[in-house]
Amino acid sequence: MIEYSMLIAGEPVSARGDRRLPVVNPFDGDRFGTVPDGTREDVDDAVRAARSAFDSTWSSTPGVRRAELLHRLAAIIAARADELGTWETRDNGKLLAETRAQARFAARSYAFFAGYADKLYGRVIPLDTPETFDYTLRQPLGVVALITAWNSPMQLLANKLAPALAAGNTVVIKPSEHASVTTVLMAEMVAEAGFPPGVVNIVTGGAECGRALTEHPGLDGISFTGSLPTGQAIAHAAARTMVPVTLELGGKSANIIFDDADLDVALRGAIVGIFSAGGQTCIAGSRLLVHRPLYDHVVTELGARADRIRLGDPLLASTHMGPVANEPQWDRVTTMVQAGVESGARLVAGGGTRDAAFPESGLFVRPTVFADVDNASPLARQEIFGPVLSIIPFESEEEAVTLANDSDFGLAAGLWTRDLSRAHRVAEQIVAGTVWVNTYRVSAAQAPFGGVRMSGQGRERGAEALDGFLRTKNVLLNLSGSIADPFDDLVEVDG
Ligand code: NAD
């Protein structure tokens, strides 16, 4: 049993009162550790430590030094990628191949943003008035809260921490109570890289701890990844303290197969889009829109392919899909699958069946495919965040765009077509933060990512991510040595 610690002011600490939460492997139910259940007082300590580090050292640390530390952190994470992947897989049940890749992705992100740390240039702005000099400074916000979800902790944290530190902020991180391990392991790695104590602080715990953090009056910014209801609660909290907020929330992304697509590639893309990571990704292509001429073939083929997906131990290379990451999520997914079955949508694969190949242990859900789904039904409108695909037919390009955009969310979309004009035309019309053409679920440290509508606000990754962690100050100098005085006639002239 491993007793993990929080990190406050460079020290490993337990929660006040020493309350702890279990760390559970969703594959076999093994409770292999505990994390502190952080309290309001712990959050207060962490925010104070971050403020003190910002004021005393970090705000005056040159960009070139921040870059050096971030490069070191990137190298440390890259060197430990296999080990970190294994911990993540034990913690949230994601396939080892994927968690290792996410560790490497995180390392790449720290290196990418290291490059910006000494290049946060302002602008010189020519004004209409002579003898004035106007310029902007791009300054860090100060103390920023970084709150993440359980599905991809290392990658989600890197999306926030790398630009936050590059921009010169100090941080208080709170990972999900369902997957905290790789985040608390960051304590060792930031110390080894040489970050001063208090620049990075980590508190663990659940919603109560998150609420204490986002309501804290000592914050200068919040960056959140998680569900829509929590995002809305955080937006309310931020309205009271008036701090900037980045919100990376859920999705119900449309993956659109046109009749001119390379069908085999598109079918793989549909499978990758929804069943990678067991559908537990915000960008899951959970609404598959299929051009009518291909519809019957695509439905039959995807049903058969879903049936062939091997469930099992996520640490084994032979496994295609691991368990759902935690019990509350398993309850949610299975309830929504059952509601789908009862709604009358045509069940093509899965749907809660447990056959001989179904693992004995763990929180598994069979890859599930529904066809003839009504775009107005809950199956098409609500984020399930599990291995559940809803297939919807369309007759024309115009109808495909209308259906894709008829959603409360706007995170991502996929297009499968060999027609270049159509690809550009449709990509422009889709209401989403990301559109993939003839691919799906590809992320890069360099490319901005984020949502519109109920999928959130702000951007992570790419140069745009820095905007969420910097504020612009304008400085205007009068070089003339005089100033126009509208009160001239009030001056009494002697004699
Ligand atoms: P969640 O909203 O339940 O929890 C996210 C984090 O917020 C956790 O750390 C949790 O402890 C904390 N939290 C909970 N209540 C809080 C409150 N009132 N105040 C402050 N913090 C609070 O989400 P989840 O179940 O962990 O994650 C799944 C969701 O995350 C899905 O909706 C998914 O689409 C979304 N997600 C989005 C992205 C993206 O980049 N857009 C990426 C991954 C996951």
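**The interface between domain 1 and domain 2**

In this predicted model, 11 residue pairs are in polar contact between domain 1 and domain 2, with both residues of each pair at pLDDT 80 or more.

Helix 3 gives the most, with three residues. By class, this side of domain 1 has nine nonpolar, eight polar and five charged residues.

The two domains are set out as follows. The domain assignment of the protein chain places residues 2-249 and 451-477 in domain 1. Domain 2 covers residues 254-437. The centres of domain 1 and domain 2, taken over C-alpha atoms, are separated by 31 Å.

Contact between the domains involves 22 residues of domain 1 and 32 residues of domain 2. Together, domain 1 and domain 2 bury about 2200 Å² between them. Carbon and sulfur atoms account for 63% of that buried area. Within domain 1, the residues that lose the most area to domain 2 are F27, W150 and R453. Together, F27, W150 and R453 make up 31% of what the domain 1 side buries.

Technical notes. Residues are numbered from 1 along each chain as its sequence is written. This is a predicted model: local features need pLDDT of at least 70, side-chain atom pairs count only at pLDDT 80 or more; totals for chains, interfaces and linings use all residues. Side-chain values use heavy atoms; hydrogens and water are left out. Domain bounds come from an automatic or database domain assignment. Contact means heavy atoms within 4.5 Å. Buried area is the accessible area (1.4 Å probe) that two parts lose on being put together, summed over both. A polar contact is a pair of N or O atoms within 3.5 Å; within protein, one must be able to donate a hydrogen and the other to accept it, and residues adjacent in sequence count only if both atoms are side-chain atoms. Helices (H or I, at least four residues) and strands (E, at least two) are DSSP runs, numbered from the N terminus. Ala, Val, Leu, Ile, Met, Phe, Trp, Tyr, Cys and Pro count as nonpolar, Asp, Glu, Lys and Arg as charged, and the others, Gly among them, as polar.
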